[in-house]
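Let's take a walk through this structure together. Keep the sequence and the 3D view open as you read.

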Amino acid sequence: MSGELNERMRRLPSVDRVMGALSGVSPRVAAAAARRALDDARARVAAGGDAPGVEEVADMARASIERSRLRGLVPVVNATGVLIHTNLGRAPLGPEQLDAVVEVSRGYSSLEYDVVEGRRGTRYGHARASIAELTGAEDALVVNNCAAAVLLVLSTFCAGREVLISRGELIEIGGEFRIPDVMTASGAHLVEVGTTNRTHLADYERAITPETAAIFKVHPSNYRVVGFTASVPGRELARLARGRGVPFFHDLGSGLVAAPETEWDAREGAEDEPLVSSALADGADLVTFSGDKLLGGPQAGVVAGRADLVARLAKSPLLRAMRVDKMTLAALEVTLRLHLEGRGRDVPVGAMAAAAPEDLERRAHSLC
């Protein structure tokens with residue numbers, strides 16, 4: 001380092017002087033910010049710039065502190081036109097949902113205690129009755145997201161054996177999350193049937209062997225294949241699975257529990273989403289879906305269907321790693337109750353989906 005550069009570097013203030021200029025900032029935060037700012041200042045001097053004074057470096061440190069705060073989880077305005085936006089936290093929660101979260105969070109709760117019987121209970125029982133009533137399922141289980149629900153089902157019933165799935169349903173969603181990868185992680189052996197654009201019942205029939213553990217159908221909620229296409233309805237797959245003595249699992253993803261024409265005035269797009277109750281009525285042994293998509297609740301995954309199969313899932317050693325906490329369950333219980341009471345529009349996703357175009361235009365102008 002040249003003598004001139006050394007001299008300019010010596011003109012930089014010390015960490016202590018910069019910290020002294022950061023009034024109202026905790027010592028630990030101030031020290032880290034001062035060091036970051038001085039590193040930037042040294043780089044500027046090394047590039048030929050003048051050495052900044054104490055106040056300028058302190059300003060740099062304050063800007064660094066503000067940037068650090070913005071790197072955390074902060075509210076944003078969603079002006080994308082996509083209501084259930086994964087990058088922006090998916091479904092927002094409404095007042096009644098949030099009140100329930102606050103109520104169980106400020107003190108102790110009956111998370112794993114049966115207040116009626118006066119003995120230990122299970123967290124998985126809280127939303128079970130509401131899900132069953134809303135969907136027509138015999139039983140249900142809540143985990144931390146829909147991917148976990150799929151992984152739990154496949155690892156419990158299909159590990160080491162074959163699972164049939166249409167090539168047109170080997171989807172990838174946000175963050176390069178791929179259904180084939182989840183199936184592989186579960187220990188199941190993926191057997192692709194049909195082609196990308198056309199799959200027929202005969203394709204499944206030919207693929208079934210003594211090693212077949214299940215037939216798996218995935219609703220491709222985030223894309224469409226149009227034109228010369230064909231897929232097999234869940235009702236036909238359920239009939240085939242029963243005839244061959246294997247279970248049929250249906251991953252719906254979206255979690256639509258009420259017909260869009262009754263809840264949302266048939267907003268464009270939602271009418272193509274399958275109802276959870278319809279999938280079960282069509283014969284699916286288990287369905288999996290999200291709590292934070294069209295259901296409009298917190299991030300969660302739900303498995304609903306046959307009671308004997310749900311009971312086996314409840315005994316899986318993986319379940320503890322996928323369990324939900326009291327805040328999630330509180331918000332989910334209120335979400336389910338609102339749907340049961342026919343108040344789907346009191347869930348923010350429902351209200352936003354039902355918003356009139358003129359209201360959206362007025363709000364957009366106000367935002368501008």
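Start with Glu 66, which is partly exposed at 40% relative accessibility. Keep in mind that you're looking at a predicted model. Glu 66 has a partner: its side chain meets that of Arg 69 in a salt bridge, 3.9 Å from N to O. Arg 69 counts as exposed, with 57% relative accessibility.

Let's look at a couple more.

Arg 128 pairs up with Asp 139, and their closest N and O atoms are 2.9 Å apart. Arg 128 is partly exposed at 29% relative accessibility, while Asp 139 is buried at 13%.

Next, find Lys 217 and Glu 169, whose side chains also meet in a salt bridge, at 2.9 Å from N to O. Lys 217 lies in strand S8 and Glu 169 in the loop between strands S4 and S5, so this pair ties together parts that are 48 residues apart in sequence. Elsewhere, salt bridges with shared partners join Glu 96, Arg 337, Glu 341, Arg 343 and Asp 346 into one network.

Now for the rings. The structure holds 1 aromatic pair. Phe 157 and Phe 249 make up this tilted pair, with 5.7 Å between their centres and 40° between their planes. Phe 157 is in helix H7 and Phe 249 in strand S9, so to speak a link between distant parts of the chain, 92 residues apart. Phe 157 is buried at 11% relative accessibility, and Phe 249 is buried at 2%. Another ring has a charged neighbour: Arg 198 lies over the face of Phe 228, 4.0 Å from the ring centre.

Tyr 124 sits in the loop between strand S2 and helix H6, and is buried, with a relative accessible area of 15%. Leaving aside residues up to four places away in sequence, Tyr 124 touches Leu 141, Val 142, Leu 319 and Arg 323.

Finish on the surface, where Leu 70, Val 74, Val 76 and Leu 88 form a nonpolar patch with about 340 Å² of accessible area together. Val 74, in the loop between helices H4 and H5, is partly exposed at 38% relative accessible area.

Terms used. Residues numbered from 1 in each chain as written. Predicted model: local features only at pLDDT ≥ 70, side-chain atom pairs only at ≥ 80, totals over all residues. Heavy atoms only, no water. Phe/Tyr/Trp six-rings, centres within 6.5 Å; stacked < 30°, edge-to-face > 60°. Helix = DSSP H or I, 4+ residues; strand = E, 2+ residues; numbered from the N terminus. Buried < 20%, exposed > 50% of the residue type's maximum accessible area, 1.4 Å probe, protein only. Lys NZ or Arg CZ within 6 Å of the ring centre and 35° of its normal. Patch = residues over 30% accessible without salt bridge, like charges linked within 9 Å, V, L, I, M, F, W, Y side chains within 5 Å. Areas by Shrake-Rupley, 256 points an atom, 1.4 Å probe, with all protein chains shown as cover. Salt bridge = Lys/Arg side-chain N within 4 Å of Asp/Glu carboxyl O. Contact = heavy atoms within 4.5 Å.
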